[in-house]
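Please open the model in your viewer and keep the selection panel at hand. The stops below say what to select next and what is there.

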Amino acid sequence: QIFQPLHSLRNAEKELLPGFHQFEWQPALKNVSSSWDVGIIDGLSGWTTFVDDVPADTIARRFRYDVALVSALKDLEEDIMEGLRERGLDDSMCTSGFTVVVKESCDGMGDVSEKHGTGPAVPEKAVRFSFTIMSISIRVEGEDDGITIFQEQKPNSELSCRPLCLMFVDESDHETLTAILGPVVAERKAMMESRLIVSVGGLLRSFRFFFRGTGYDEKMVREMEGLEASGSTYICTLCDSTRAEASQNMVLHSITRSHDENLERYEIWRTNPFSESADELRDRVKGVSAKPFMETQPTLDALHCDIGNATEFYKIFQDEIGEVYQRSNPSREERRRWRSTLDKQLRKKMKLKPVMRMNGNYARRLMTREAVEAVCELVPSEERREALWRLMELYLQMKPVWRSTCPSRDCPDQLCQYSYNSQQFADLLSTTFKYRYDGKITNYLHKTLAHVPEIVERDGSIGAWASEGNESGNKLFRRFRKMNARQSKTYELEDVLKH
């Protein structure tokens, strides 16, 4: 039924796309038109000056945020009614007090160029911004806590992840990115101060929205929150620790950064009220040197955490094969030799092909007991093999805590032991593997060791709030762009956004 001529799809898709259902906001949204039948709009609408010489109408396409949210709610209409029934609530009484929690994700995609025959591959990049409705709850009179009537069971599936805005922009091009997302941020801010009135199950009901920007990788968080890039001495997007401090004290840190604090620090950076030198000033604002643009939730991105830590383990494996702990700075040639030895072994024992950039699948296969076993065959000293085993064992105990959607339900024991395990892990790094962690540590390893229990305590989960849904959606973007989009720049993003 799907592959039909465009005109017959047009009618079918009208009610599936945003802009079909009537709704209103009370009070009306600031600076947002009150019309509800708005479909796909130009991502740069409202901007009179264009970004250099690119025809502006090809750069971005998006839905209006509130219209897209209504469409998503209407998709869940049956689930909402079912949820009310299951909780024994009379749906005719429940017309107000609904709260909707929304996860936002945004991610840059590398090469999305059209592959047409020969000729140079044009470096084209895209950015996708999307949201997922995580839960809907209702407050009933006489009850203190809200009653959850809908919970997204697969928060990391591309099926629950709804695209809001597609842009042909490089995520590093801060100006263009913020120009396009500016209106999205403004709409989101307006919605937080208002209530949505929309018909669900035949009655008008009112909804409040909470937005949590957690589906960002570290690069995007730093960009949105005005922090220095990830090579900065201020290693963490959650606390003020420097790299040297984080490698000395690996475990004991607490979350201190927040969007509001970043804004205050930017003001200090801008005005330099105490007339300090550049270094003193930078130390005062802890690396906040640009204006925070969009509020993100200080959390840890589970997918990139996996990838970052696997990269680190890969390097440890390499160093252990070359027995680096006995010698100082080996030559590049030697390092290359160890690396190819490691790759050969992993290919032979684990069927793992060497990859250019570590990806999620490779990371998951590398962080297993089998992989350590394969590597240990190449490590001469019994003592070092023991240490590698121990390191991986601890890691495998810790990992489910930040991967699972609900750790208190899925792996309660590992959750209880997390702090102990991370302390053991840190001790191992700072003694046996001191050659790698003397005064330096990678960003995600620091977060894994220092911040996981606190985030889980605050949010109940790390895995559920990760960016995977959006990442899987990237795959679809590529596919739709090649197969299902009319090959003219102006329509391309519209067609992909519809899918």
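Begin by selecting residues 234–296, where UniProt, in an unreviewed entry, places the feature "domain: V(D)J recombination-activating protein 1 ZnC2"; UniProt positions follow the numbering used here, feature names are shortened, and annotations may be inferred rather than shown by experiment. This is a predicted model, in which local features need pLDDT of at least 70 and side-chain atom pairs count only at pLDDT 80 or more, while totals for chains, interfaces and linings use all residues. Residues are numbered from 1 along each chain as its sequence is written, and side-chain values use heavy atoms, with hydrogens and water left out.

Over residues 234–296 the chain is 43% helix and 0% strand, with the end C-alpha atoms 18 Å apart; helices (H or I, at least four residues) and strands (E, at least two) are DSSP runs, numbered from the N terminus.

Next select residues 298–460, to which the UniProt record, again an unreviewed entry, assigns "domain: V(D)J recombination-activating protein 1 ZnH2". This span is 74% helix and 0% strand, and its end C-alpha atoms lie 14 Å apart.

Now go to Asn443, which lies in helix α17 (residues 443–450). Asn443 counts as buried because its relative accessibility is 10%, where buried means under 20% relative accessible area, exposed over 50%, and partly exposed in between (1.4 Å probe, protein chains only). Show the side chain of Asn443, which reaches the backbone oxygen of Ser230 at 3.1 Å. Leaving aside neighbours within four places in sequence, Asn443 is in contact (heavy atoms within 4.5 Å) with Glu218, Arg222, Ser230, Ile235 and Arg243.

Definitions and conventions: Polar contact = N/O pair within 3.5 Å; in protein donor to acceptor, adjacent residues only side chain to side chain.
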